[in-house]
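User: Hi! I'm new to reading protein models. Could you walk me through this one?

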Amino acid sequence: MRKIAATYVFTANQPPLKNGILTIGDDGTILSIDSQTNLTEQQSLEYYSGILVPGFVNAHCHLELSHLAGKIEEKTGIGGFVGKINQLRNSANDQPEYRIHQTDRKMWAAGISAVGDISNAAISIETKLNSPIFYYTFIESFGFHPSRAEKAFEYALLVHQQFTNRNLKNSIVPHSPYSVSQPLFEKIARLATENGGILSIHNQESEGEAEFFISGTGSIAKA
Ligand SMILES: [Zn+2]
């Protein structure tokens, strides 16, 4: 058991506690949270000058693209970015699985304890199974042409099954409003309604995306 006190403790469900004290069990479980107005030195109480916070949540991650970190020039706009991702994402000689593992370690070291991860394939499963981080995987499906809906959804179902078989929480989600056809949207919606799957979508994250969504023109159309 450990007792840790800090100038402030953020509990996330009430205002920050001044002179907060956490009591932590041997397995890391928080047993109690208290505060003392006049905190004095106590036996076996560790004190930190600063703020204690619960684990951070990374709500939008693409672990699968870890091997592309630093490889894409910045400020080329969304069109340049999408084009470059499409060009580089299958560069297998970059040890993608190892890079995924590394990114997981970096997030844990940075205090992240839960991640919403967008995935197109099953490559991140081993890392997620062996990580102390809680992962929720959004299996991203896309296909602009209605004739692709069946195939795209079948593939997403296959990945969904692989994650589910390993007890990893996941759901099938649409990539963006402009890259998913109506029949594919309907299939995704039906499954989410049936099994209560959480949905996520990339939506107008930049000017270029908004332009493409509204008028079908701009840099994404060219990417
Ligand atoms: Zn994304």
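User: Let's start with Gly83: is Gly83 buried, exposed or partly exposed?

Analyst: Gly83 is partly exposed, with a relative accessible area of 24%. The cut-offs are these: buried means under 20% relative accessible area, exposed means over 50%, and partly exposed is in between, with a 1.4 Å probe and protein chains only. A word on the source: this is a predicted model, where local features need pLDDT of at least 70, side-chain atom pairs count only at pLDDT 80 or more, and totals for chains, interfaces and linings use all residues. Residues are numbered from 1 along each chain as its sequence is written, and side-chain values use heavy atoms, with hydrogens and water left out.

User: Where is Gly83 found?

Analyst: Gly83 is found in helix α1, residues 77-88. Helices (H or I, at least four residues) and strands (E, at least two) are DSSP runs, numbered from the N terminus.

User: And what separates the C-alpha atoms of Gly83 and Ser131?

Analyst: Those C-alpha atoms are separated by 31 Å, and the two residues are 48 apart along the chain.

User: New topic, helix packing. At what angle do the axes of α4 and α5 cross?

Analyst: Two packed helices are described by the angle between their axes and the distance between the axes. Here, the axes of α4 (residues 149-165) and α5 (residues 182-195) cross at roughly 35° and come within 8 Å. Axes are lines fitted to C-alpha atoms, for helices over the stretch in contact, and angles run from 0 to 180 degrees between N-to-C directions.

User: Is that crossing of α4 and α5 left-handed or right-handed?

Analyst: The crossing of α4 and α5 is right-handed. A crossing is left-handed if the near helix is turned anticlockwise from the far one by less than a right angle, and right-handed if clockwise.

User: Which residues meet there?

Analyst: On the α4 side they include Ala149, Phe153 and Leu157, and on the α5 side they include Leu184, Ile188 and Leu191.

User: Tell me about Phe153. Is Phe153 buried or exposed?

Analyst: Phe153, in helix α4, is buried, with a relative accessible area of 11%. Leaving aside neighbours within four places in sequence, Phe153 is in contact (heavy atoms within 4.5 Å) with Ser141, Ile172, Leu184, Lys187, Ile188 and Leu191.

User: Okay, charges next. How many salt bridges does the count come to?

Analyst: The count comes to 5 salt bridges. A salt bridge is a side-chain nitrogen of Lys or Arg within 4 Å of a carboxyl oxygen of Asp or Glu. One of them joins the side chains of Arg2 and Glu46, at 2.8 Å from N to O. That pair links distant parts of the chain, with Arg2 in strand β1 (residues 2-9) and Glu46 in strand β4, 44 residues apart. Arg2 is partly exposed at 42% relative accessibility, and Glu46 is partly exposed at 24%.

User: Which residue forms a salt bridge with Asp104?

Analyst: Arg105 does, with the closest N and O atoms 3.5 Å apart. Asp104 counts as buried at 1% relative accessibility, whereas Arg105 is partly exposed at 36%.

User: What about Arg166, which side chain does it meet in a salt bridge?

Analyst: Arg166 meets Glu126, at 3.2 Å from N to O. This pair also links distant parts of the chain: Arg166 is in the loop between α4 and β8 (170-174), Glu126 is in helix α3 (residues 125-129), and they are 40 residues apart.

User: Last one: which residues form the nonpolar patch on the surface?

Analyst: Tyr8, Phe10, Ile51, Val53 and Phe56 form the patch, with about 470 Å² of accessible area together. Patches are made of residues with over 30% relative accessible area and no salt bridge: like charges are joined within 9 Å, and nonpolar side chains (Val, Leu, Ile, Met, Phe, Trp, Tyr) within 5 Å. Accessible areas come from the Shrake-Rupley method with a 1.4 Å probe, and for residues only the protein chains shown count as cover. Ile51 is in strand β4 (residues 45-52) and is exposed at 54% relative accessible area.
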